[in-house]
Amino acid sequence: FTAFQILWYLYLNILLCEYFHVKPFLSSLAALYFFVVHPRAAIPLTRRPEQGIIVTMTRTGAKLRLGAAIQGGRRLKVLFICTGNTCRSPLAEALGRSMYPGIEFASAGLMAEEAAPASAGAAAVAAENGLNLAGHRARRLTGTMLSEVDVALTMTAAQSRLVRERFPVRAAGVTCLGAAAGTGRDVPDPWGGGPEAYRACYRALKELLERMDWRE
């Protein structure tokens with residue numbers, strides 16, 4: 001193995017274990033297969049096959065594949081989670097709806113103040129891009145919300161760990177948006193920043209959502 005391959009092998013193990021909850025033994029075998037047996041393979045690691053949620057590992061990283069056509073024709077339900085449900089997750093929800101009309105999106109916050117409106121900065125950047133957050137009202141995350149969706153995508157890796165710790169029964173469908181998109185990057189929190197901070201947040205969300213492999 002080259003030094004790059006060793007580092008990539010370690011990265012895949014961390015990504016699969018930390019973000020996608022694949023057992024260390026299985027992730028190690030998958031990585032070995034990837035490099036030794038079939039270096040060009042895309043290895044599916046199915047977590048919830050009955051709902052079309054599949055992790056696929058390739059040389060570009062691990063990606064969460066989400067099937068929009070679920071049993072009985074029901075639409076895929078996705079919940080975005082941030083801290084206050086006034087900036088990042090409402091923007092992600094609005095973006096998701098505009099980009100993928102065949103999927104049902106919602107949002108919530110770990111520390112949300114119930115019924116709070118979207119922040120002025122989030123509303124402004126949404127309007128700049130043809131989106132409308134005027135009717136948004138914040139919701140605090142509950143176990144019931146998690147049980148009603150197929151997958152929950154947080155804005156940061158720390159948030160995904162916190163959600164899994166707080167709601168262990170619902171942990172299987174929780175991961176970070178950056179990990180699901182194959183980058184591992186967190187979405188920056190624009191709260192308290194100026195217009196450019198919100199624009200940077202919007203761009204980061206749009207880039208990650210464009211990378212998602214939403215299978216119709």
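**View 1. Strand β6, helix α6 and strand β7 build a right-handed β-α-β unit.** Strand β6 covers residues 151-154, helix α6 residues 157-166 and strand β7 residues 174-176. Right-handed means that, with the strands pointing away from the viewer, the path from the first strand over the helix to the second runs clockwise. Helices (H or I, at least four residues) and strands (E, at least two) are DSSP runs, numbered from the N terminus. The model is predicted: local features need pLDDT of at least 70, side-chain atom pairs count only at pLDDT 80 or more, and totals for chains, interfaces and linings use all residues. Residues are numbered from 1 along each chain as its sequence is written, and side-chain values use heavy atoms, with hydrogens and water left out.

**View 2. Four strands form an open, parallel sheet in the order β5-β4-β6-β7.** Strands pair if DSSP finds at least two bridges between them. Strands of a sheet pair through backbone hydrogen bonds. The edge strands are β5 and β7, each pairing on one side only. On average, neighbouring strands are turned by 30° against each other, direction ignored. Such angles run from 0 to 180 degrees between N-to-C directions, with axes as lines fitted to C-alpha atoms, for helices over the stretch in contact. Helix α6 packs on this sheet and touches β4, β6 and β7. Touching means contact: heavy atoms within 4.5 Å. The direction of α6 makes about 165° with that of β7.

**View 3. Strand β6 is covered on both faces.** V151 and L153 are buried on one side, A152 and T154 on the other. Buried means under 20% relative accessible area (1.4 Å probe, protein chains only). Four bridges join β6 to strand β4 (residues 77-82). Here F80 has L153 as its bridge partner. Three bridges join β6 to β7, where T154 is partnered by C176.

**View 4. F80 and F105 form a stacked pair of rings.** The chain has one aromatic pair. Rings of Phe, Tyr and Trp (its six-membered ring) pair if their centres lie within 6.5 Å, and planes under 30 degrees apart count as stacked. The two centres lie 5.6 Å apart and the planes meet at 10°, so this pair is stacked. F80 sits in β4 and F105 in β5 (residues 104-109), so the pair ties together parts 25 residues apart in sequence. F80 is buried at 0% relative accessibility. F105 is buried too, at 4%.

**View 5. Helix α3 lies across β4 and β5.** This helix spans residues 88-99. α3 runs at about 180° to β5.

Key:
Buried means under 20% relative accessible area, exposed over 50%, partly exposed in between (1.4 Å probe, protein chains only). Rings of Phe, Tyr and Trp (its six-membered ring) pair if their centres lie within 6.5 Å; planes under 30 degrees apart count as stacked, over 60 as edge-to-face and the rest as tilted.
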